[in-house]
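Here are a few friendly notes to go with the coordinates. Please have the structure open as you read.

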Amino acid sequence: MTDMAALLDELTELVSVSPGRRWLRGGGAYSAGQLAAMIFVSVPHWLDRDVFVELRNELGGRTPDEVLAEVTNLRLVRRHRGDVLAAEKVARTMLLNALARDAPDVFARLSDAYAGAFGRREPGFGARLEQLYHGVAADPPHGCAELLRAAVTWGSDPYFETGAVADLTGRLQEQVDRGVAAAAGMRYLALCRTYLPGGAAAADADTLRSALAHEIDPLFQGEATIRVGAVDLKAGHVETALAAFDSAFSIFKGIGDERGCGEALWRRAGALVRLDMYDAAAGSYEAAAVAFDRVGGSVRKAHCVKGMADIELYRGRLGEAAGGFERALAFFAPTNARMGEASTRVAYANLKILRGRLDEALSDIKSALAVYEAVDEELGIGNCLQATGKIEFERGDFSRALDMFTEARSMFEAARRRSSIINASFLQGASLTQLGRPDAALPLIEEALQGATDIGDRGARAWGLRQLGLAMEKVGALGEALTALADSARGFDELGDPVEGSITGLALVRVARSLGFPDPFDTEDAKSRVNTASRLFEEADMPRYLWQAKELAGTLAPRPANPIGFAFDG
């Protein structure tokens, strides 16, 4: 244990000589003993009699009252809530910065003593925060690693205490600003910031990659690798992100970190969805849910259930998707995880729009929007605006829908979400087509199609090809429309999405009929496609599309024989 009496003597000697007396403006007015005592009480952010009692055996001949008496008349110590004392901020900062610069060994030994004192107190956030803060100065490599462990624990399921993580990050920042922990502190600081609200979105992958090359702490390695993967995924580098998540999983598995394994698997599933590898993604979500369940991660487990429901929606299994969203909402309800619930409601609203349940969808969107607006979550607000625009589109108000899609796109641009920008552009194009402005729609659609190709989003590309075909149909370029729609239908077929494939199929049959069914299309093939779509729309409870299919089927039926026997125009 640190000899506090010896430290006080050392501090007294230290401040007796120049430049120590310049640590405080007017330092000449204070005795060496007063300054030494002031430094002693300034090392922690706060202390009380219990802390002194914890250290009294190390104070030699001095009592806590004698140490406090040295600083009482300086009026540089404030009393809070009973016997809690804190040094004045300006004086404290000045003293500690000088101590860390001119006598780093003394500062480290004082910090070690206080880390031990706060660590032996009754469990509580304030004492634990102070213990971790002093630990960084006492032993930077070990202290930074311990602080990261606390940040990960408090910032993860089931706690999600972002305020606590912010306090931890602030304490680490203070030590780094003081010159403690040097480069290692900066690396840990960069990682800890990613746990703060908006921090993940602003994370710099290059900074984290550089940090990974210098840190051997496996928790740091795993957490930073996940953050790098998340940045890559956001930028559309899906395969690179997938490799990062796989690497993180291996690291966490190696240290027996079940929570970390679940996090890596959950993020891996999201990357696999982007690659349209739905079976593998579902498997990752299931494995992640099991891992989270073992560590009490009920919120992350609910996210996994929601992710599996998303996959069912992408596969066109609307009934299974609806059941999955209902289960996810039930899992979120007792957790008070409002953001997770909000994202699930928006996803469920999109399914309800497909089924024509527009009022129900709007109710879900409004609930989600209230959550997102309360925290100014641009991506969430954008998703709500986009979903509301789809409702207006279904209701035939294409002008209002266009306004909403345009506003949503601005939100996505602010959030730098390329895939979302691409989808919003397709919806803008669809609205312009319906407004009789296909010439304005085509550049938007073509640019977004290139974007979807660049990031490897086959689902978005298939959907965009349908919009391209519809716009081409409007301008009378039926041959180009037929090609685009055929490519779209083929894309959805390859993805295993019969619902979107059937929606495209109706447009494909309509254009093929207008062209007189050129090879390889024919009437029987068209009837088969429409009949299959009708059955699917009926099973999926999609009445509007079912009506469209039946109406189109009527145009393919053979004309009744002419009983009079003469030819007529028509």
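1. Let me begin with the contacts: among those in the protein with a separation of 6 or more, 61% join residues 24 or more positions apart. Please keep in mind that this is a predicted model.

2. Turning to burial and surface, 54% of the 570 residues count as buried. The accessible surface of the protein is about 25600 Å², and carbon and sulfur atoms hold 51% of that area.

3. The largest nonpolar core is worth a look, with its 66 residues. Val 41, Leu 99, Leu 148, Leu 168 and Leu 172 have the most contacts inside this core. Helix α8, spanning residues 140-155, supplies the largest share of the core, with 8 residues.

4. Which residues does Leu 168 touch, once its neighbours within four places in sequence are left aside? Its contacts are Leu 129, Leu 132, Leu 147, Ala 150, Ala 151 and Trp 154.

5. Finally, the cysteines. The count of disulfides in the model is 0, taking sulfur atoms within 2.5 Å as the criterion. Are Cys 261 and Cys 304 buried or exposed? Cys 261 counts as buried because its relative accessibility is 9%, under the 20% cut-off. Cys 304 has a relative accessible area of 0%, so this residue is buried too.

Technical notes: Residues are numbered from 1 along each chain as its sequence is written. This is a predicted model: local features need pLDDT of at least 70, side-chain atom pairs count only at pLDDT 80 or more; totals for chains, interfaces and linings use all residues. Side-chain values use heavy atoms; hydrogens and water are left out. A nonpolar core is a set of buried Ala, Val, Leu, Ile, Met, Phe, Trp, Tyr and Cys residues joined through side-chain atoms within 4.5 Å. Buried means under 20% relative accessible area, exposed over 50%, partly exposed in between (1.4 Å probe, protein chains only). Helices (H or I, at least four residues) and strands (E, at least two) are DSSP runs, numbered from the N terminus. Contact means heavy atoms within 4.5 Å. Accessible areas come from the Shrake-Rupley method with a 1.4 Å probe; for residues, only the protein chains shown count as cover.
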